[in-house]
Each structure stands twice: as C-alpha cells, then as structure tokens.
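Visitor: Hello! Could you walk me through this structure and tell me how its descriptions are reached?
Guide: Gladly, let us look together.

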Amino acid sequence: MTGGDAGDDEYRQDLDALVGRIGSLHPPDLPARFASCFRLGPESYRRVEPVQAGILAAVDGSNAMLFDAGCIAAVLLRAAACGFSAGARTFRAVTPLRLVTLGQEARDASFSGLYRECFGTDPDTGIRDDEPERTAGILRDTLEYWVALRAAERLGQGDLLVLDGALRVTHASHEPVLLRLIRTCAKRGIHLCAVTKRTSVTWGGGLPLVPAALALAKAHGITPPWVLRIGEEGLDVTPYRQWRHGVPCVAALHPRSHLAFRIEVPGPTGDDELGEMVSRLAGWSDDGRVTGYPYPLLDAHRTARIPADAVGQAKNDLISGMARSGLDARSARDLLGDLHDEFARY
Amino acid sequence: MTSLVTSMMNLRDTDLGDPSKYRLIGNSVLSYRFAIPYDETLYVGNILKIEDPVKGMTFFARVTDLRHESNFEDVKWDLRAHSGQFYGLSEDVYLIVEALPLGFVDRNGTFRRPRTLPAKFSRVAAPSAPDFRFLEQVMGDVEVGSLKSGQDILRGVTVALHSRVMPQHMGVFATTGMGKSNFMKVFCASCMKARRFGLLLVDPHGEYVAGGVSATGEPTEGLIHYQAGRDGLAVYTIRDEAFRRKYSLSSLFLEYDDLRAPDLLLLFDHSPAQRELVEMLEDVRGSELVDLFLHTEFDENREWMATTRYRQTAEKLANFAQGTLQVMKRRLGILVRSNPFLRAKGSSIPDILADLARNRVVLVDIPGMGERSELFVLSVLARKILDRHRGEASGWGKEEVPDRREVLITIEEAQRVLGSGGPGTAVFRECAMEGRKFGVGLCVVTQQPKNVDPRVLAQMNTFVVMGLSDRNDRAIIAGHAKQDLSPMDTEIQTLEPGEAIISTLGIPFPVSTRIHLYEEYLDALNREKRGSLGEGLDTRF
C-alpha cells in the first residue's frame, strides 16, 4: 500500500478525525481566547526596528543515523557556529564529523566519552541509551553546547549568541553546561537567546502557541517585526518547566513573512534588552531565501548539516574498514542487517 | 571501551576563501565546464586558458554558454524570494561556464588539437596576447581582422586566411548591414598585398573601386586608395573617361564572341522549347548568334532560311517554331542593347585573364548596370576563366607544377546562381564542383545560405559567418563547415556588425574575429614599410 485507501471506512474515519483535530487547533475565536488566557492586548506586542549591530553568532548541530541494527547503531554528529557582522559572515567554525556507536553505553561509553572530550569532566548523569534517536539527540546537544561555549569566547560586550532550540536541557547532564553558558554570557555582557523552529508548547488545552500569537497580532493589525512575552501561567504542560532557564516569547521578524517563532531569553532579561535582541534577530531575517528567519541560524544549520552524500561516504568508509579488518561484506551485512536501505530501493 | 578518540574536541574555522571557482570540473574531452562567481562578467566567445602544470600543457577553450546554477535543492528558490537581500549568496549561487576545447600547447610550444583533456581541477584563467603566440604558427597570409575574445579583441593577434586554401571555395555569409562589403574590401586589400592568387570581383554598385557610402551613411574608401598595393589591383570599368583617367582604370568591353547562348538561360526564364533552342546553339559563336538573330526576320514560311548566310546554324533551327525564334531574337536584342560594353569586336577578357594570372585583384566595375548585366558579365568571365584553366590543366596540389594559377571568383548574392536547380547556372556549378581541380575557386557571398545548393556548400573549405538571424541558415552552415560550428550557435546569433566566425582549413579551430575596419586597415597598409602589421601595435589584452 502506497497511501491511504479511500475505499476503507476505517481509513476515512481516521482521516476525518485527524482533520477535525487539526481544525480544533485553530478555532474561530482563537485571538480572543488567546488574549483572555494570557491577558494580552495590542500593547503587549513590542514593535522593534531591524538593526545589525555588533556580532550575531548562531549555533546549530546535526545528527544522521548511519545504521541501526537493533543491538548496535551508529550516528554521525557535528555542530557549527557562524558569526555575522555588518552584513557578512565574520567566522564559521565547525567540529569534525564524529561517528559514535549507540546502544551499548555501558560498554562503549559513547556519551560520557564525548562529554568528557567536550567539558573535561564526566557527566553527572548517565544515559539509558535504549532509544538510539533520543541518544543521538543528547549527543548532538552535547556538541552544540560545547560549540556555544567556544563561540561565546569569540564574542564581546553587546554581541548576541543565538542557539537553535530552547534554553532548556533535555538531559540532566547538560544542566550545568547550560548554566555555565548563561553565566559566561552574562559575565561578558553577551546577549543570549534561543530560537525554536518547532515547539510543542501549548496553552488552553492543547492549542499551539505561535499560531495564536500570530492570529492575535493580525487581529490587532500589528505587522512584524514584533515580540510578545508569554506569561507562564497560561501554558499547559508541567514538564515544560523542568530544566528550564528561559522566558518564553513569540517573535515575528519580517513584515513580508508569515513565519513566527518561539524564542527564549534568560530569566532576568528586561523588556528593553529583549527588544534589542529581537531587533538584531530581525536585522538578519531579511534574506530572500527564508525570509523571516535569522539568516545566521540558517547558515549554522547548513554548515552543520550532514547531507546524504556524507552519510553514503561514511557507509562506504565503514564497509572498507570492516574489509580491512578481515570482515567480509556478507558477514558485515549479517551483523548490521538493516533492511531500511534495502526497502528504500523499492 | 569508547568508540571515541580521547583527545579534546576541537572546533575548526572553515576556509572562508572560495576555491571552487575557476577550476575545471567538466568530465569530457569534448566540452569543459567550470564555475565562476555569479556576479562575474564573462561573455560567450571569451577564450580562456586552462593550465595543467602536471602535464605541462596549456589548454585553450572558448566560452559557449553561461547559466546560473546553485547548490540549493529547490530549483525554483529564486522564484520564491521574498526580499532582495541575500547573505553569502556567492557560496551557493554561481555561474556555470560551458566551454568548447580549442586545443592545447604542449611542452614544446606546439599547438595540437584537443584530443586529451586537462587534469581535474586545473585552474582556468584569462589569457593574454603572449599566450596566443602559438597562433602565429597557424595563421595564413591573407589578413582580415583581429582575434576576438568575448567583447574584446586580442590586439596583436591577427586572423589571416591561408591563400593556398582560398581557391578551395569560400563562403561569406552575412545578413544586410553586418559588414559584408567592409569584409570584402579588407579581403581584397590583403589579396592585393599578398598576390598569391587572382581574385575576380564584379561590382554592380560601384562601391569597391573608389568607395561610396556605407549602410550607416558614412563615406567609405575604395580599393584604389590602397596606394601601396595598387599594382595588385586591375579595374575594368564602364565609367567615363575622366573617371578612368583620374584613377588609371581600364575600360570594360566584351565582344560578341564572348557570348554563348546558355548565358541567356541565366538572364531570362525559358520554356522547354526555348531551352532546347538555347542548348542547340551552345557551340555557336556569339558573333554569329547576334548577326543571325538580330538581322533575320523569322517568317512563318521559313523563307529566311534560303537567304541567310549561316546555313549550318539555320538547319539546326529548322524544327523550331517561329515564335520560339522570335523570343530568342528579342532576348538577344535586349542583351546587346542593355550592355553598352558589349560590342562586335574588342574584348577586355584577355587582359582580365592576364591580370588574374598575375595574381591581381580584378575589379569589374559596372555601376548602374542592373542584375542582368552583372550576371551576364559574371557568367562570361567565369566560363572564360574555367575554360582557360581547364585548357592549361595545370591542376591543383601538384607541387611539381612550377607556375600554377589560382583564381577566386566572387559571386555576390550567390543564391541567384547557385540555388538548387536551373541549367542557367551550369557554369557556376561547374566551378563549384570541378573548379578546384583547375585552380578555380568560388567566393560565395550570400545572406541566404539555405538557398544555396548544399552540394556547393559541401565543397567549401572556408566559412566566414558574419551573423545569421535565421535558425535554418545557421543550421545549414553548421552542418557544412569543416569544423563543428554548432557549439558557437549562440555566438553566431550575437555577432555584431564587423564581427565574424571564421572556419577554415589551416587554422585549427573556428576563430571569432573582429574584421578590420577597411579605412583603418587601409591607413595601416599605406603606412606599412615592412614587417607584419602586428609589429608595434598594442599587444595588451
């Protein structure tokens, strides 16, 4: 089966349910409900002027699964930082491409080894390493935080460091690292924020945050760029508060873009500083390719990205390495038997 | 155990330079490809060099196409842009250059055809005039212009045709206003200078002898103004005595015996019966034809046959209807009356043939005479030249023949006489098909090559293409040139007046040429003491 069979009743019912669920995320009275829930008015939106001042550095990381044979998996990782000033890139730095085994943390110490390489200490908390995708994400975050710390060293008073994601860790071992980053930035007068391309934060019983902020802005005739602080009391999910160090906001960064993002800034950030940071984000969000998204983040993403040909090359290297070690191709295939590649051919 | 190395993690600054541009990434010996910055200025026709330090070779290639490309997976990214700002665009957006290999200079400095290709990632660079020294090895002795590279010319790098190739037929293809007359004058002047073969040119517009007015209204100079090469020019004209004396020109005369009946086929439309009559009279002397037809009243009862003194010819005419004979009479009358240079006795043709044999440019100047006169003169002269060379049968390419004579006959608007049919064009077709054997070549000038018999085009070894807007014309040319011109289609389309693509034997690749402006060339020729024109000229790129 290559798609839904519209002839099956069950399929049609599932489809109807999905359509209804999606429709419920955007009720007709969304702006009013959103305004009421968070006690927002037009004055809550802070208009900003796009500016490019100082250096804006962005950090992003990437991971790509090399193979997943159940008992063992391997992932490719890397992270990058890009700095921009006066309309052009001033630096671009990237970690080496790393190849890490997953699924046997107790034996391989992949995470703790990487953590030690990055921060010189063992992590306070180990990982269960029973879900390769999740473990790969934690490893990628490890690299990203380390790169963010290195990038902060290149910045000075008044510069802005932008992370891809949130000021919230997904693993306890990253808590001291994020705190160290926040303190380093504060100590050196560097502005810090995080921009999330996709957020799970909801309010009002499952309504997404960003579309609601956009709808209310539209209802009030407020055109980007703007930033809106969100009161935490209206948010839905309790786990969201775990390991959280950022104040949630929503920002739209370009008048000709429909995009808006959840951004987070460290807790004590005042309105003026928030406005200044969003001004700088807006100042770099006018690129014609992804208008409304800070270009330095796009650049960091593209620098860190692990494209399919790199994954293919790593697979070839792996096969070559196994051959050199005396493992024939058939045995290697038996050991690593992942049929997904085989399936993908059809 | 850990799968990770135990050294500290490192963060490397990536190279902010851009090594991806101007390096060869193509994969074929037939075409080169490389990227340049998206905002770089490069033109179709630019000649570039590719240096291969590994092999010690310098390759040359001509740009045939330029197109925008990017590394983005979304091929329509440029249509979706929401703002005019693009950061770091040059890293992912670039121009891909397609280039046609021209050849390479080996370690010994010898130019060779492109049968191999440069090493991957060989650097591509703009050449300078000294890089083209190898062209001096391959250029000929009939200079026509300067080598063009894109929008610029390479000063000091002249384009010169090989005189030994010229009588192997030459085609000059240009639409109106592209500088065809200027080219012909430059070509004539170089022929006057080189004196390597005779060149015949019939000019019904009177613009070549002393100049005239160009298509843009500018006064132009003529061949007689090339004083230093004057001995290489012979002019036969119908102009008045004062003009002839002023410039020391000869009078043009043809006599009746120069005429042959088939000449009429070229000048008039003929019914089958009329054509049969003409063919019947093919061997009859012109003087007899004129006397018989112009002084005979062809009556219905054929009484004229009893009184004529041309009994033998009259017998041939016995079976033709009175009307057919009267048409013939009328047409001969038109021919005699409308060509004042045609007379009973006394012809310039022996002198013309002698001048051609002396490798002069022979200009037949018949201003105001009309198309019929032009074609008549051309037909008579072509036949006489071909007959003379056939008779001498000295042959081409025989090195042991000490004094072989070579003549190039220029036919303007050649589609009139070298189309795909008509017995009236037999003499020109013979020149095209057999002339090379006898040292007779055609310089076919036309703006409609598609209307020239393809078999004639196939005989040509030199193509001078000066801009053809018609796709079919370009396809015809590309299909018949000895060198592949199809990759230069874009360049041919974008040729400007005075520019040409020249494909000829002896020069190993088609050369893009800026034809000299005749007046400037003339000035240089007249000032020339000795040595080549390139000496002392600016050699900067």
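Visitor: Which strands of chain B does helix α2 (residues 180-194) lie across, and at about what angle does the helix run to β8(B)?
Guide: Helix α2 of chain B lies across β8 (142-149), β10 (170-173), β11 (198-203), β12 (233-237), β16 (361-365), β18 (440-446), β19 (462-465), β20 and β21 of chain B, and runs at about 130° to β8(B). Angles go from 0 to 180 degrees between N-to-C directions, with axes fitted to C-alpha atoms, for helices over the stretch in contact. Helices (H or I, at least four residues) and strands (E, at least two) are DSSP runs, numbered from the N terminus.

Please keep in mind that this is a predicted model: local features need pLDDT of at least 70, side-chain atom pairs count only at pLDDT 80 or more, and totals for chains, interfaces and linings use all residues. Residues are numbered from 1 along each chain as its sequence is written, while chains are lettered from A and ligands numbered from 1 in the order in which they are written.

Visitor: What makes β20 (residues 499-504) and β21 (residues 511-515) of chain B a pair?
Guide: Two strands pair if DSSP finds at least two bridges between them. β20(B) and β21(B) have four bridges, in the antiparallel sense, and B:Glu499 stands opposite B:Arg514 in β21(B).

Visitor: Why are β9 (152-161) and β13 (250-251) of chain B said to stand at the edges?
Guide: Their open sheet has twelve strands with mixed pairing. Each of β9(B) and β13(B) has a single partner strand, so one side of each is left without a neighbour in the sheet.

Visitor: Why is A:Leu40 called buried?
Guide: A residue is buried if 20 or more other C-beta atoms lie within 10 Å of its own, exposed if 12 or fewer, and partly exposed in between, with C-beta atoms placed from the backbone. A:Leu40 has 22, so A:Leu40 is buried. Its place is in the loop between α2 (30-38) and β1 (45-47) of chain A.

Visitor: What is A:Leu40 in contact with, leaving aside neighbours within four places in sequence?
Guide: A:Phe34, A:Ala35 and A:Leu216; contact asks for C-beta atoms, placed from the backbone, within 7 Å.

Visitor: How do you know that chain A agrees with a compact globule?
Guide: The globule rule is 2.2 Å times the number of residues to the power 0.38, and the radius of gyration is taken over C-alpha atoms. With 346 residues, the rule gives a radius near 20 Å; chain A has 22 Å, which agrees.

Key: Contact = placed C-beta atoms within 7 Å.
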